[in-house]
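This report describes how the parts of a two-chain model are arranged and packed. The structure is shown first, and the description follows.

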Amino acid sequence: MDKILKLLEDDATLTPEQIALMLSKEVGEIKKSIDKYEKDGVILGYKTLIDWDKTDREYVSAIIEVKVMPQRDKGFDHIAEKIYNYPEVKSLYLMSSGGFDLALIIEGKTMREVAYFVAQKLAPIESVTATATHFVLRKYKDKGVIYGACEIDERGNLII
Amino acid sequence: MIDYEKMLSKTVCDIKPSGIRKFFDILSEMDDVISLTVGQPDFITPWHIREAAIESLEKGKTYYTSNAGMTELREEISKYMKRRFDLSYSSRDEILVTVGGSEAIDVAMRAILEPGDEVILPVPSFVCYEPIATMLGAKVVHINTKLENKFKITPEELKSAITPKTKLLILPFPNNPTGAILTGEELKELAKILRDTNIAVLSDEIYAELTYGKRHVSIASLEGMRERTIIASGFSKAYAMTGWRLGYICAPRELVSQMHKIHQYAIMCAPTMSQFAATEALKNGDEDIEMMRAEYNRRRVFILEGLRKIGIECFEPEGAFYIYPNIAPFGLSSEEFCERLLYEYRCAIVPGTAFGESGEGFARISYAYSVKHLSQALEKIEEFVKSLKNKA
């Protein structure tokens, strides 16, 4: 039933009724599958892509490379957990790069706020040996969606 | 004083402007309308295809190509026809690159028809065939395809439409507006009738890649048919390339050589940058087709089930991206139904009569829209239909 997943991945606003129509299935069956995906942790959540630059909310994001000393027996997981528990950290990845180990995406109101997080919270963690902060100047595309573009149907209405 | 009536061709002046021009004029001036009228893909041409055209411009490839089209493109079309439909056409002299499928149709009809000839046209169908025939002085003989026959033409209907004057049969399948297709078996029955005649077939296969479930079969692949068939097709629907205006003809060389002359003097050659884009589409675009077809198919099932749920009888379309519901039970003419839906519920669908009188009692809905958009439209149609039922 990964057809449901593919549909929801592209558009989380699809209702079970709509999905049922598209796949010629019973609504109940779709609801059951989605429930199961949620329970099994296959579907972890539903979010909205927002272009904050179009609002008056102050917003800045940064990608931070982190070099860490892995801990005996625990590898990177323990330190990763320590980092991802901060709500400011929106994404965290273990990387295969030689230069650093973890990459995280952080969001804040201002650059100062982000810098504060790095200096006061991230860098002092015991196993963190180095960090490099890259501020995002402009988001062009995220999760397959192009930012700044508007959906206007400009197709000519010909009698075709 | 200038007398335009005397100045202009009588044949052209006598061609009726489309009966639903008014409907489209109203539509274009209204805001906040949920429209399901557009007859073109909502996808943007895949980036690698656009890039090929951009690259050709950057490199200054802004010349005319040969009349028939770039050799490489014709070779790719030849391979494509073999790969997708098991048809063999020589890239040297059996393929002509045209300005859209539209020019392909025009050139084909001009090469075959003379004043007084008869051309058999299944209706409802795309709007261009009849005016072209009229301009050539040919007589159009309709076959009214019927809901109970799934909008296919039957062997009996074909037989009874043929007269000694019949020169051409137009086969617009997968069909716009009905979404009907003809299967290999059904085509075989038609082929039996045509085989011993001298009738040419113009098979408009612009929607050939957009069939759901069954693969499209070209009548040219059947015994005794290749030598009489002109395939008109193009890139608009399969690769979401409507604005590029690029199509092609595949036919026996005896026919192509004559069509070549018309194309040569009327058009010269198809736009060069579009030809570069099309070459890339054929080389690396099979996956794009699959992706778009899968998406159309989801929407097709969505709109079909959705319409049926709200009590509108619908034949299941098997091709193109249209659905053609039967709205006769609501007691309004097609135009009334569509105009009221537009004025009262701000939702636009095309009256079946846009595609000829045989479209009375039906409407065409395009599902080349997002599911969200289709969903909103369905809600409006449901409200409208409920209001009609309440009054009845």
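In this predicted model, the C-alpha centres of domain 1 and domain 2 of chain B lie 25 Å apart. Domain 1 of chain B is assigned to residues 7–44 + 288–391, and domain 2 of chain B to residues 47–283. Where the two domains touch, domain 1 of chain B contributes 32 residues and domain 2 of chain B contributes 33 residues. On the domain 1 side, at least two residues each are supplied by helix H2 (10–14), helix H12 (286–309) and strand E9 (322–323) of chain B. H12(B) gives the largest share of that side, with seven residues. The class composition of the domain 1 side is 16 nonpolar, eleven polar and five charged residues.

Two packed helices are described by the angle between their axes and the distance between the axes.

| Helix pair | Axes come within | Crossing angle |
|---|---|---|
| H6(B) (residues 100–112) and H10(B) (residues 253–266) | 9 Å | roughly 115° |
| H13(B) (residues 334–345) and H14(B) (residues 371–391) | 10 Å | roughly 110° |

From H6(B), the residues in contact are B:Val107, B:Ala108, B:Arg110 and B:Ala111, and they meet B:Leu255, B:Gln258, B:Met259, B:Ile262 and B:His263 of H10(B). This contact consists of six nonpolar, two polar and one charged residues.

H13(B) and H14(B) are likewise described as roughly perpendicular to each other. Here B:Leu341, B:Glu344 and B:Tyr345 of H13(B) are in contact with B:Lys380, B:Ile381, B:Glu383 and B:Phe384 of H14(B). The residues of this contact comprise four nonpolar, no polar and three charged.

**Chain A: domains and sheet**

Chain A is also divided into two domains, domain 1 (2–39) and domain 2 (52–140). Their centres, taken over C-alpha atoms, are separated by 34 Å.

Strands of a sheet pair through backbone hydrogen bonds, either parallel or antiparallel. In chain A, four strands make up an open sheet with antiparallel pairing, in the order E2-E3-E1-E4. Strand E2 (89–94) and strand E4 (128–135) of chain A stand at the edges with a single partner strand each, so one side of each has no neighbour in the sheet. On average, and with direction ignored, neighbouring strands of this sheet are turned by 20° against each other.

Within the sheet, strand E1 (residues 60–68) and strand E3 (residues 102–108) of chain A form an antiparallel pair over seven bridges. In this part of the sheet, A:Ile64 stands opposite A:Leu104 in E3(A). Helix H4 (residues 77–84) of chain A packs on the sheet and touches E1, E2 and E3 of chain A. The direction of H4(A) makes about 165° with that of E2(A). Helix H5 (residues 111–122) of chain A lies across E1, E3 and E4 of chain A and runs at about 175° to E4(A).

**Contact between the chains**

How many residues of chain A are in contact with chain B? Ten residues of chain A are in contact with 18 residues of chain B. By class, the chain A side of this contact has six nonpolar, three polar and one charged residues.

Technical notes: Residues are numbered from 1 along each chain as its sequence is written. Chains are lettered from A and ligands numbered from 1 in the order in which they are written. This is a predicted model: local features need pLDDT of at least 70, side-chain atom pairs count only at pLDDT 80 or more; totals for chains, interfaces and linings use all residues. Axes are lines fitted to C-alpha atoms, for helices over the stretch in contact, and angles run from 0 to 180 degrees between N-to-C directions. Two residues are in contact if their C-beta atoms, placed from the backbone, lie within 7 Å. Ala, Val, Leu, Ile, Met, Phe, Trp, Tyr, Cys and Pro count as nonpolar, Asp, Glu, Lys and Arg as charged, and the others, Gly among them, as polar. Two strands pair if DSSP finds at least two bridges between them. Domain bounds come from an automatic or database domain assignment. Angles under 35 degrees count as roughly parallel, over 145 as roughly antiparallel, 65 to 115 as roughly perpendicular and the rest as oblique.
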